[in-house]
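Work through the exercises below with the sequence and the 3D model at hand. Try each task before reading its solution.

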Amino acid sequence: MTFAAEKLDTDGRPEICAALNTALAETAVSTMMAQNFHWNVTGMNFAPLHQMFQGIYEDHFAGQDDLAERIKALDGHADGNLARMLERSSIVEPQVDMTSTDLIATLLNAEEILAATLKATGEIAANYGDTITEDLCIARGQVHEKFAWMLRVHLR
Ligand SMILES: [Fe+2]
């Protein structure tokens, strides 16, 4: 006997896992970016920015694991290859030294991209009735929107 929900989830797995791998890649790139900024931020706002960037990379490091393990639960391949993650990610690391304002703007852009990627991934999962993946994507999307807010207000 096959349950309808199970069949829907199975059919959608390749597409859902592909979308989750994009979210995983972008989360990994932004994790390293936030830690890089945590190390190299300078200026009179060093202490709070150093702390805020740490909060971001610690969250994203845990988030990567949640996304990757959801892919595994769907019997997919969680692609942790760094070169392929960089290829897959539309979040691109800056190649030059930047001011603290530029660091904040760069991370804000990353958080907004992540929120959009997680929203799109959740919608793909929902189309296949995969409410578990959808729930994870909503939770991760909320975190990225919250970090986007915290970063955005620094620029006003
Ligand atoms: Fe540190």
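**Exercise 1: α2 against α5**

Helix α2 (residues 46–73) packs on helix α5 (residues 131–152) at an angle of about 165°, and their axes are 11 Å apart. The model is a predicted one. Decide whether α2 is roughly parallel or antiparallel to α5, then describe their contact.

Solution.

Step 1. Angles over 145 degrees count as roughly antiparallel. The angle here is about 165°, which means that α2 is roughly antiparallel to α5.

Step 2. The crossing in which α2 passes α5 is left-handed.

Step 3. On the α2 side, the contact is made by M52, F53, G55, I56, D59, H60, G63, D66, L67 and R70. On the α5 side, I132, T133, L136, R140, V143, H144, F147, M150 and L151 take part.

Step 4. Sorted by class, the contact of α2 with α5 has ten nonpolar residues, five polar ones and four charged ones.

**Exercise 2: α2 against α4**

Find how α2 and α4 are oriented to each other, and list the residues that make their contact.

Solution.

Step 1. The packing angle of α2 and α4 is about 25°, with the axes 13 Å apart. Angles under 35 degrees count as roughly parallel. The two helices α2 and α4 are therefore roughly parallel to each other.

Step 2. α2 passes α4 in a crossing that is left-handed.

Step 3. From α2, the contact uses L49, F53, I56, H60 and L67. From α4 come S100, L103, I104, L107, E111, L114 and L118.

Step 4. By class, the contact of α2 with α4 has nine nonpolar, two polar and one charged residues.

**Exercise 3: α4 against α5**

Repeat the analysis for α4 and α5, starting from their angle of about 160°.

Solution.

Step 1. The axes of α4 and α5 are 8 Å apart. With the angle of about 160°, α4 and α5 are therefore roughly antiparallel to each other.

Step 2. α4 and α5 cross in a left-handed way.

Step 3. In α4, the residues that meet α5 are I104, L107, L108, E111, E112, L114, A115, L118, T121, G122, A125 and A126. Their partners in α5 are T133, E134, C137, R140, G141, H144, E145, F147, A148, L151 and R152.

Step 4. The contact of α4 with α5 divides into twelve nonpolar, five polar and six charged residues.

**Exercise 4: the largest nonpolar core**

Which residues have the most contacts inside the largest nonpolar core, and which helix supplies the largest share of this core?

Solution.

Step 1. The largest nonpolar core has 35 residues, and L20, M33, F53, I56, L67, L107 and L151 have the most contacts inside it.

Step 2. At least two residues of this core come from each of α1 (4–40), α2, α4 and α5. The largest share, eleven residues, is supplied by α1.

Step 3. Take L151 as an example. Neighbours within four places in sequence aside, L151 is in contact with M52, F53, I56, I104, L107, L108 and E111.

**Exercise 5: single residues**

Is N21 buried or exposed, and is D75 buried or exposed?

Solution.

Step 1. N21 lies in helix α1. Its relative accessibility is 7%, so N21 counts as buried. Apart from neighbours within four places in sequence, N21 is in contact with I71, H77, A78, D79 and R88.

Step 2. D75 is in the loop between α2 and α3 (82–88). At a relative accessible area of 67%, D75 is exposed.

Step 3. The phi of D75 is near 70°, a positive value in a residue other than glycine. Most residues other than glycine have a negative phi.

**Exercise 6: apart in sequence, apart in space**

How many residues apart in sequence are Y128 and G12, and which residues does L155 touch?

Solution.

Step 1. Y128 is in the loop between α4 and α5. Y128 and G12 are 116 residues apart in sequence, while their C-alpha atoms are 5.7 Å apart in space.

Step 2. L155 is in the segment after α5, and T101 is in helix α4. These two are 54 residues apart along the chain, with 7.2 Å between the C-alpha atoms.

Step 3. Not counting residues up to four places away in sequence, L155 touches T101, I104, A105 and L108.

Step 4. For T101 and G141, 40 residues apart along the chain, the C-alpha separation is 24 Å.

Technical notes
Residues are numbered from 1 along each chain as its sequence is written. This is a predicted model: local features need pLDDT of at least 70, side-chain atom pairs count only at pLDDT 80 or more; totals for chains, interfaces and linings use all residues. Side-chain values use heavy atoms; hydrogens and water are left out. Axes are lines fitted to C-alpha atoms, for helices over the stretch in contact, and angles run from 0 to 180 degrees between N-to-C directions. Helices (H or I, at least four residues) and strands (E, at least two) are DSSP runs, numbered from the N terminus. Angles under 35 degrees count as roughly parallel, over 145 as roughly antiparallel, 65 to 115 as roughly perpendicular and the rest as oblique. A crossing is left-handed if the near helix is turned anticlockwise from the far one by less than a right angle, and right-handed if clockwise. Contact means heavy atoms within 4.5 Å. Ala, Val, Leu, Ile, Met, Phe, Trp, Tyr, Cys and Pro count as nonpolar, Asp, Glu, Lys and Arg as charged, and the others, Gly among them, as polar. A nonpolar core is a set of buried Ala, Val, Leu, Ile, Met, Phe, Trp, Tyr and Cys residues joined through side-chain atoms within 4.5 Å. Buried means under 20% relative accessible area, exposed over 50%, partly exposed in between (1.4 Å probe, protein chains only).
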